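The sequence and structure follow.

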Amino acid sequence: MIVNILWFVFGSGFLLAIGYGLAALVCFLLIVTIPFGVAALRLARYSLWPFGHTVVSRPDAGVASGLANVLWVVVAGWWLALTHLTAGVALCLTIIGIPFGIANFKLVPVAFWPLGRDIVKLD
């Protein structure tokens, strides 16, 4: 719990959630990409409180989610992944921020290729 609060304040959780929220807004405005907006909101929630959760691949995800991920990369995935990468590098410049930087690096593939994955609790 305390790690999530520190992440929210110092680990860029709030700023990343705003980025995912903006991506969701763009996807909702484009209407055809509404499913991507739902995925962006799911990732916004995960980026707020990532500790205690993990991302797993869905076994029922097929070719359609792979093709949809290609469109996601064009619409929002590349700049969200770049945001995680930039935040991770900035956080790794301080000793205290290294764990949060590593957490940002772990979120890069999820931001880049989110469809066909689920966020589950570690319990």
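In which helix is the place of L16? L16 lies in helix 2, where helices are DSSP runs of H or I with at least four residues, numbered from the N terminus.

## Basis

This is a predicted model, in which local features need pLDDT of at least 70, side-chain atom pairs count only at pLDDT 80 or more, and totals for chains, interfaces and linings use all residues. Residues are numbered from 1 along each chain as its sequence is written, and side-chain values use heavy atoms, with hydrogens and water left out.

## Helix 2

Helix 2 covers residues 13-29, 17 residues in number, and spans 24 Å from its first C-alpha to its last, close to the expected 24 Å. The expected span is 1.5 Å times one less than the number of residues.

Its buried residues (under 20% relative accessible area, 1.4 Å probe, protein chains only) are G13, L16, A17, G19, Y20, A23, A24 and C27. These residues sit on the same side of helix 2 because they cover an arc of only 155° around the axis, the arc being that of the directions from the helix axis to the C-beta atoms. The face turned away from the buried side carries L15 and L29, which are exposed (over 50%). Cover for the buried residues includes helix 1 (2-10), helix 3 (34-48), helix 4 (63-91) and helix 5 (98-112). Just after helix 2, I31 has a positive phi of about 60°.

## L16 and N104

L16 is buried, at 3% relative accessible area. Leaving out residues up to four places away in sequence, L16 touches W7, S47, T83, H84 and N104; contact means heavy atoms within 4.5 Å.

N104 is placed in helix 5 and is buried, with a relative accessible area of 0%. With the sequence neighbours up to four places away again not counted, N104 touches W7, G11, S12, L16, H84, A87, G88 and L91.

## Nonpolar surface patch

V70, W78, L82, L85, V89, I95, I98, I102, F105, F112 and W113 form a nonpolar patch on the surface, with about 1,000 Å² of accessible area together. Areas come from the Shrake-Rupley method with a 1.4 Å probe.

Helix 4 and helix 5 are the elements that give two or more residues to the patch. Helix 4 gives the most, with 5 residues.

Definitions and conventions:
Patch = residues over 30% accessible without salt bridge, like charges linked within 9 Å, V, L, I, M, F, W, Y side chains within 5 Å. Salt bridge = Lys/Arg side-chain N within 4 Å of Asp/Glu carboxyl O.
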